[in-house]
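This report covers the nonpolar cores, a helix pair and the surroundings of a ligand.

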Amino acid sequence: MNIDLTVTKKQKLFLDATESEVLFGGAAGGGKSYGQMVDAFVFALKYPGSKQLILRRTFAELDKSLIRTGLALYPRDIFSFNSSSHTGKFKNGSCIDFGYCATENDVYQYQSAEYDCIRFDELTHFTEAQYVYLISRVRGANSYPKQIKSSTNPGGVGHGWVKARFVDPSPPKTRFIGDDGMERIFIPSLLDDNSFLMKGDPRYKERLLALPDRERRALLYGDWNIFDGQYFTEFNVNEHVCAPFEIPRSWRKYRAIDYGLDRLVCLWIAVAPDGKAYVYREYCESNLPIGDSAKAITERTPACEEIYATLAPPDLFSRSQETGKTKAAIFAEHGVTFTKTSNDRETGWLAIKELLIDRGGGTGLKIFSFCTELIKCLPALTVDKLRPSDCSTEPHEITHAPDALRGFAIFYARPREEEKAVVRTRWSRDMWEDYYAADEKDKKYLKLKYGEPL
Ligand SMILES: Nc1ncnc2c1ncn2[C@@H]1O[C@H](COP(=O)(O)OP(=O)(O)OP(=O)(O)O)[C@@H](O)[C@H]1O
Ligand SMILES: [Mg+2]
């Protein structure tokens with residue numbers, strides 16, 4: 001038997017992935033569903049007698065997409081489909097069940113089933129409870145691989161849990177072990193990966209470009225950082241995350257700290273001659289006393305790396321009632337001396353925004369791709385419901401890395417404020433209107449942005 005199938009590079013990655021849980025996720029039209037059907041086919045032929053389940057949330061979606069693709073793709077002489085039981089059988093004894101879970105309870109129809117591989121198409125349409133229940137059905141006495149392979153666009157009811165399970169913990173295309181010991185991988189899919197669609201329907205991209213911002217970002221760019229209330233809407237992995245490189249010795253280097261017993265975060269940041277800041281290392285750990293924190297920070301700073309300043313928020317400089325000492329003093333006793341930054345939250349967040357915005361010549365901030373905590377937490381911060389110019393302090397665990405970055409941003413913006421103070425500009429009427437409409441903090445920011453008025 002000779003079947004002529006061509007797959008895209010990303011589909012090949014998906015086909016070759018051996019992790020227990022695989023997510024193929026991103027732009028609409030990236031070739032995810034097609035990739036699933038080719039992969040299911042290869043699995044069925046490679047492992048005679050194997051059992052697979054392919055799921056969509058509703059039957060109508062299943063029928064229109066996967067079943068149709070399957071029927072068009074799989075040769076009739078080796079594959080037959082029973083349209084009342086929605087089961088496909090191969091000559092070698094392998095089978096594929098096509099299923100759906102419209103309601104939470106639909107999962108129980110698979111209560112006594114066993115599968116070698118379960119595939120979810122449009123995973124973000126499912127709830128985490130459905131997913132977790134169904135993956136318990138992946139088991140069997142044979143020696144075939146046991147996998148859960150999913151594909152999806154960002155968005156949908158399950159956006160948050162899918163992002164947390166697959167996208168946030170590790171850079172794309174990098175295998176990692178989840179807290180539960182499961183091996184996972186996330187393979188991003190972009191529209192440009194799918195040359196078949198780009199050739200067959202060259203105007204498809206234009207139609208996606210015409211969508212409203214949030215949908216466009218999800219469906220055209222496969223951007224996972226979209227949800228209501230996001231504070232740093234400017235954040236975009238493509239622009240702000242970069243591949244690591246060796247930082248030249250001559251660049252000025254800072255460390256920025258956020259410290260509490262619940263979590264220590266230290267960011268190492270280097271400033272290039274063009275003024276761009278690069279977060280080139282991060283260290284995050286919970287429940288570390290000050291001595292151990294100082295040691296960990298020192299150990300992770302090579303002796304040849306000269307740190308210009310280690311920035312810490314003012315609360316580390318307040319005296320403890322019990323010891324009469326400040327935390328900063330104890331850090332200093334352990335070899336890490338701090339420079340105090342400001343705790344003016346709103347000015348600090350605005351300073352980060354200023355670094356994220358591209359005003360021509362690229363963005364002012366780049367983060368090395370292995371700094372996963374900062375990359376995860378910065379876009380996850382939400383707007384505070386009572387003070388919209390501030391970030392919410394909940395969930396607390398995502399605030400530490402951005403707080404450390406805020407310390408740097410506010411410190412870094414300051415000298416430029418002084419420089420700008422001598423540069424006076426003639427303000428337009430619009431600028432003056434913005435200024436008069438702003439509160440005191442935003443007035444300060446506008447002066448920083450526009451320069452002092454003439
Ligand atoms: N390897 C391939 N060979 C031929 N055609 C392909 C291939 N991969 C994808 N296509 C075609 O490209 C189009 C989009 O692919 P597919 O439906 O798999 O994308 P998708 O990522 O699932 O999109 P959506 O997000 O809209 O569900 C389909 O018409 C599909 O048949
Ligand atoms: Mg699809």
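## Nonpolar cores

The largest nonpolar core has 56 residues, and Leu267, Ile269 and Leu374 touch the most other members. Helix α14 (residues 400-422) contributes the most to this core, 8 residues. Apart from it lies another core, of 41 residues, with Val22, Cys117, Ile118 and Leu134 among them. A nonpolar core here is a set of buried Ala, Val, Leu, Ile, Met, Phe, Trp, Tyr and Cys residues joined through C-beta atoms within 7 Å; buried requires 20 or more other C-beta atoms within 10 Å of the residue's own, placed from the backbone.

Leaving aside neighbours within four places in sequence, Leu267 is in contact (C-beta atoms, placed from the backbone, within 7 Å) with Arg255, Ala256, Val279, Glu282, Leu374, Ala404, Leu405 and Phe408.

## Model and numbering

This is a predicted model: local features need pLDDT of at least 70, side-chain atom pairs count only at pLDDT 80 or more, and totals for chains, interfaces and linings use all residues. Residues are numbered from 1 along each chain as its sequence is written, with chains lettered from A and ligands numbered from 1 in the order in which they are written.

## Helices α12 and α16

The axes (lines fitted to C-alpha atoms over the stretch in contact) of α12 (residues 345-356) and α16 (residues 440-450) come within 10 Å and cross at roughly 35°. Glu346, Thr347 and Leu350 of α12 and Lys441, Lys444 and Tyr445 of α16 make the contact. These residues divide into 2 nonpolar, 1 polar and 3 charged.

## Ligand 1

Around ligand 1 are 16 residues (C-beta atom, placed from the backbone, within 6 Å), and the closest are Gly31, Lys32, Ser33, Tyr34 and Phe196. The elements giving two or more residues to this shell are α2 (32-46) and α6 (195-200).

Note on methods: Helices (H or I, at least four residues) and strands (E, at least two) are DSSP runs, numbered from the N terminus. A residue is buried if 20 or more other C-beta atoms lie within 10 Å of its own, exposed if 12 or fewer, and partly exposed in between; C-beta atoms are placed from the backbone. Two residues are in contact if their C-beta atoms, placed from the backbone, lie within 7 Å. Axes are lines fitted to C-alpha atoms, for helices over the stretch in contact, and angles run from 0 to 180 degrees between N-to-C directions. Ala, Val, Leu, Ile, Met, Phe, Trp, Tyr, Cys and Pro count as nonpolar, Asp, Glu, Lys and Arg as charged, and the others, Gly among them, as polar.
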